[in-house]
Amino acid sequence: MPDNVMNAKENANKWLSAANLDNQSRKEIEELLQNQEELEESFLSSLEFGTGGLRGIMGIGTNRVNKYTVGMATQGFANYLKSQFEGTIKVAIAYDSRNNSQLFAQTTADVFSANGIEVYLFKELRPTPQLSFAIRHLACNGGVVITASHNPKEYNGYKAYWSDGGQIVPPHDKNIIEEVQKIQSIDEVNFKANPSLITYLDEDIDNAYLKMITGLSLSPDAIKSANDTKIVFSSIHGTGITMVPRALNELGFKNVYVVDEQKTPDGNFPTVVYPNPEEAEAMSMALDKAREIDADMVMATDPDADRVGIAVKNLKGEFQLLNGNQTGSLLVYYLLKKWKEKGLKGNEYIGKTIVTTELIRSIAKGFNTECYDTLTGFKWIADLIRQKEGEEVFIGGGEESYGYMIGEEVRDKDAVASSVMIAEMAAWAKNEGLTVFELLIRIYKEYGFYYEELKSITKKGMKGAEEIKNMMIDFRQNPPASLAESKVITTIDYLEGVKFDEDGKKEDVGLPKSNVLQYLTADGTKVSIRPSGTEPKIKFYFSVMGKLENDDYFETEKKLKSKVHNLLRDLNL
């Protein structure tokens with residue numbers, strides 16, 4: 001019998017010998033022992049608790065998301081919390097609409113309470129950003145949300161948060177991983193819940209969250225005069241339905257049309273291939289409804305409502321999906337415009353990730369406001385806010401992958417607050433005599449027409465991982481001298497933590513190390529190369545820019561698209 005089969009069988013037998021294993025799980029493992037391929041998939045390796053937590057396919061086994069792997073993760077997290085805090089320790093737990101999310105959330109609550117930790121568990125599914133809010137509002141030491149964001153229906157996950165309401169960052173991430181890895185058996189997990197330590201959160205936390213969101217409003221008068229703005233909203237079978245329509249209504253928007261076929265939370269996501277508002281297919285039902293009722297705007301959130309995608313009418317009167325860079329730029333422009341009217345004090349700032357459009361920096365510069373870069377992932381923006389708390393004020397910001405944050409009360413991307421602010425921005429533009437698309441063109445004219453594309457290359461398995469590794473080595477050893485006929489003037493290697501110009505002059509990046517390369521050219525082109533941390537992919541982010549003159553948006557866009565095509569050619573992609 002091959003070693004890998006023996007190892008998988010050995011791991012399965014360890015679980016079968018555990019006292020904590022229930023009869024149904026025992027039966028499923030015994031069935032797996034008769035299927036070599038499935039046995040290896042489920043038991044050959046262990047699901048890795050990474051820097052953000054767990055994410056994987058649901059099922060029985062060490063390499064699957066189930067109540068036992070969730071329990072082991074929670075036991076390790078509980079052990080670490082108890083090593084860091086004295087006295088009463090409190091955590092908040094939320095979950096999304098995925099299959100088994102409620103079970104995993106209850107399991108998490110049971111293990112925390114069994115370890116003497118007070119638990120605030122959402123009684124019903126709620127958006128991920130509301131979990132971040134609850135941690136801060138209830139003065140918790142940490143938190144967990146059960147979600148796999150916009151992954152396919154077979155997946156679920158476990159995201160860990162710290163006392164500031166942000167996802168865990170160094171040194172806590174590595175330390176928690178070490179504690180989780182110490183848990184070698186499911187019998188080392190205390191599953192015996194202490195119900196007296198579990199409090200179920202109800203509408204009080206909803207009301208507090210919505211009060212915070214409505215308090216972010218910057219143009220109440222604009223909403224009053226444009227409250228007839230027609231908005232089509234889809235929650236794509238996720239948690240957004242619990243908060244987004246209500247938040248829009250409370251702010252004053254009266255014409256919110258929900259896509260009925262997608263409003264019921266359902267972990268099977270029956271009407272879409274992927275429940276991801278970045279995908280045009282996932283937005284198709286909402287777009288159909290928008291055309292039917294002649295709406296002004298379309299919004300759709302992902303299953304845990306931390307990302308939002310929008311569509312607006314372009315210059316031809318046709319609905320056009322905006323990408324995350326465009327929506328983020330619109331939001332930042334609107335926020336800064338209104339903050340300037342109210343009086344900027346000089347200590348405010350915008351935050352974005354290194355692969356997000358430089359248009360946001362250009363806008364911030366136009367308002368004499370600092371724009372800080374962070375590594376990819378919203379936990380780094382949350383960490384930036386934590387570092388600057390009390391000295392500088394975070395206005396807002398975001399990332400290209402459809403995640404945005406408004407203000408400092410929530411420390412994760414927030415599709416509820418973002419949806420409300422996007423709607424308000426549209427109402428403000430309407431009062432200015434502009435559509436949202438016309439506002440975008442005004443921004444392009446003033447700050448430069450930035451155009452972005454993302455190309456992901458999938459390389460599966462151990463061979464694929466090796467290919468991705470070699471691609472990064474090759475780029476480091478043989479960097480391009482020019483891209484699309486423009487000289488590379490700055491190279492940034494985030495793994496080494498340095499950037500150097502064409503003369504070889506080095507400068508410290510000032511960010512944690514990460515396996516990312518960037519090339520900046522003389523004409524403003526930016527190419528970023530980053531292996532994915534959660535998928536077998538290497539991602540290439542392209543950003544080019546030009547001047548938008550004479551209202552010729554489509555012609556300028558065509559030229560910029562051609563430039564990206566040349567970049568792809570130069571990099572042999």
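Is K430 buried, exposed or partly exposed? I looked it up: K430 is partly exposed, with a relative accessible area of 39%. For my own reference, buried means under 20% relative accessible area, exposed over 50%, and partly exposed in between, using a 1.4 Å probe and protein chains only.

A note on the source: this is a predicted model, where local features need pLDDT of at least 70, side-chain atom pairs count only at pLDDT 80 or more, and totals for chains, interfaces and linings use all residues. Residues are numbered from 1 along each chain as its sequence is written, and side-chain values use heavy atoms, with hydrogens and water left out.

**Salt bridges**

I searched the whole structure and got 32 salt bridges; the term means a side-chain nitrogen of Lys or Arg within 4 Å of a carboxyl oxygen of Asp or Glu.

K430 has such a bridge to D228, with the closest N and O atoms 3.7 Å apart. This pair links distant parts of the chain, 202 residues apart: K430 sits in helix α15 (residues 415–431), and D228 in the loop between α9 (220–225) and β7 (231–234). Helices (H or I, at least four residues) and strands (E, at least two) are DSSP runs, numbered from the N terminus. D228 is partly exposed as well, at 44% relative accessible area.

Next I checked R386, whose side chain meets that of D383 at 2.6 Å, N to O. The two are 3 residues apart in helix α14 (residues 378–388), so about one helical turn separates them. R386 is partly exposed at 41%, whereas D383 is buried at 9%.

R98 and D96 also form a salt bridge, at 3.7 Å between the closest N and O atoms. Both R98 and D96 are buried.

I also found a network of salt bridges linking K352, E358, R361, D373 and K526.

**Strand β22**

Which strands pair with β22? Strand β21 (residues 517–521) pairs with it in the antiparallel sense over 4 bridges, and β23 (residues 537–546) runs antiparallel to β22, joined by 6 bridges. Two strands pair if DSSP finds at least two bridges between them. K526 is the bridge partner of L520, and P531 stands opposite I538 in β23.
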